Amino acid sequence: MTIPKIKGVIYLNGKILPIHKATIPVMDHGFLYGDSVYDTFRTFGGYPLQLCEHIDRLFRSAAKLALKSPLAKKEIMAHVLRTISAYWKQFKKEDVYVRVILSRGYGDIGFDLSLCSHPTLIIIVKEIPRLPEKYYQNGIHVALVPTLRNPPRSLDPNIKSGNYLNNLLAYLDAKKQNAQDAVMQNYKGEITEATTSNIFIIKKGTLYTPSLDSGLLKGLIRTLLIDIARKNHLKLIEKKITKEALLAADECFLCGSIKLILPVTRCNNKKIGSGKPGPVTQRLMTLFPEAVTHSIREEYCIDF
Ligand SMILES: Cc1ncc(COP(=O)(O)O)c(C=O)c1O
């Protein structure tokens, strides 16, 4: 069997290793139970966007699982920057994908927290997975899928855990419908989010995004876009969104830390609006780089 070569480096419990050399024991509860949390982001010009907010969210996810980090937030941030520079030394690429994982660690079978005394900290730095450029120019096709988003009282969508089976099942549904991604509803039929991104629709010039009480991850790009919209006097409302409202929208897009802003031009094989990325989506795509520069300048106190 040939193992695909993935260019990257991994920080694993204190050591930085090439990707293929980083391994964890089978008895790690992250593997046995999906008992781990993670957060994902990318760099711009070598600087991780919203680093502090991502590590804060990682700690919030961990707290919900009573999972204690072996290191303080500042130490993890320093290791993220060190791992990024190790990648740069080897591959000479500034813009990278970063995933920080905190797993319950090695221990015997069972849920008793005392079984695992040493949580595992992993930082993966690798190439950014890029979607085809035509997806950004023409928009993608999504499907409303039968798999429902986990209700927050079953599994809080704000725990970014190592178990993404709810999202994976929705993605598989979407593939059966020849769509590039799935849009998941909650058990009341409200739109929540896509499998790894948040969703916005536009109707008569106003932006709408599902309110958090529909049960979705509070994405950091969602928050950044709400801020961009407010600063640029674009009308934006967070509310419950029905499937009918999505199908009748003039425009739609997905957003997340890796795909950034991705126009959606078809849903369930039906055109959204004109079937092309619309003016409000394009405006946000134009305003986005400036907001990234501003955020990085503020976080790292540099003239970026
Ligand atoms: C389910 C889900 N929703 C939304 C997002 C977008 O979040 P962010 O903007 O913080 O990347 C993600 C990103 O991983 C996700 O997994």
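This is a predicted model: local features need pLDDT of at least 70, side-chain atom pairs count only at pLDDT 80 or more; totals for chains, interfaces and linings use all residues.

I started with the strand order. I read it as β2-β1-β6-β5-β3-β4, an open sheet of 6 strands with antiparallel pairing. Which strands stand at the edges? They are β2 (15-18) and β4 (47-48); each has a single partner strand, so one side of each is left without a neighbour in the sheet.

I then checked how β4 is held in the pairing. Its partner here is β3, residues 36-44, and the two run antiparallel over 2 bridges. Within this pair I found threonine 43 opposite proline 48 of β4.

**Helix on the sheet.** Next I looked at α3, residues 73-91. Helix α3 packs on the sheet and touches β1 (8-12), β2, β3, β4, β5 (97-103) and β6 (120-126). I noted an angle of about 35 degrees between the directions of α3 and β6.

**Ligand.** Which residues come nearest to the ligand? I count 17 residues around the ligand, and Lys160, Tyr164, Glu193, Leu220 and Ser257 come nearest. Then I went through side-chain distances:

- Lysine 160 has a polar side-chain atom 2.5 Å from a ligand oxygen.
- Tyrosine 164 places a side-chain N or O atom 2.6 Å from an oxygen atom of the ligand.
- For glutamate 193, a side-chain N or O atom is 2.6 Å from a nitrogen atom of the ligand.

Last, I looked up the cover. On its own the ligand has 390 Å² of accessible area, and the protein covers 96% of that.

Technical notes. Residues are numbered from 1 along each chain as its sequence is written. Side-chain values use heavy atoms; hydrogens and water are left out. Two strands pair if DSSP finds at least two bridges between them. Helices (H or I, at least four residues) and strands (E, at least two) are DSSP runs, numbered from the N terminus. Contact means heavy atoms within 4.5 Å. Axes are lines fitted to C-alpha atoms, for helices over the stretch in contact, and angles run from 0 to 180 degrees between N-to-C directions. A residue is near a molecule or strand if one of its heavy atoms lies within 4 Å of it. A polar contact is a pair of N or O atoms within 3.5 Å; within protein, one must be able to donate a hydrogen and the other to accept it, and residues adjacent in sequence count only if both atoms are side-chain atoms. Accessible areas come from the Shrake-Rupley method with a 1.4 Å probe; for residues, only the protein chains shown count as cover.
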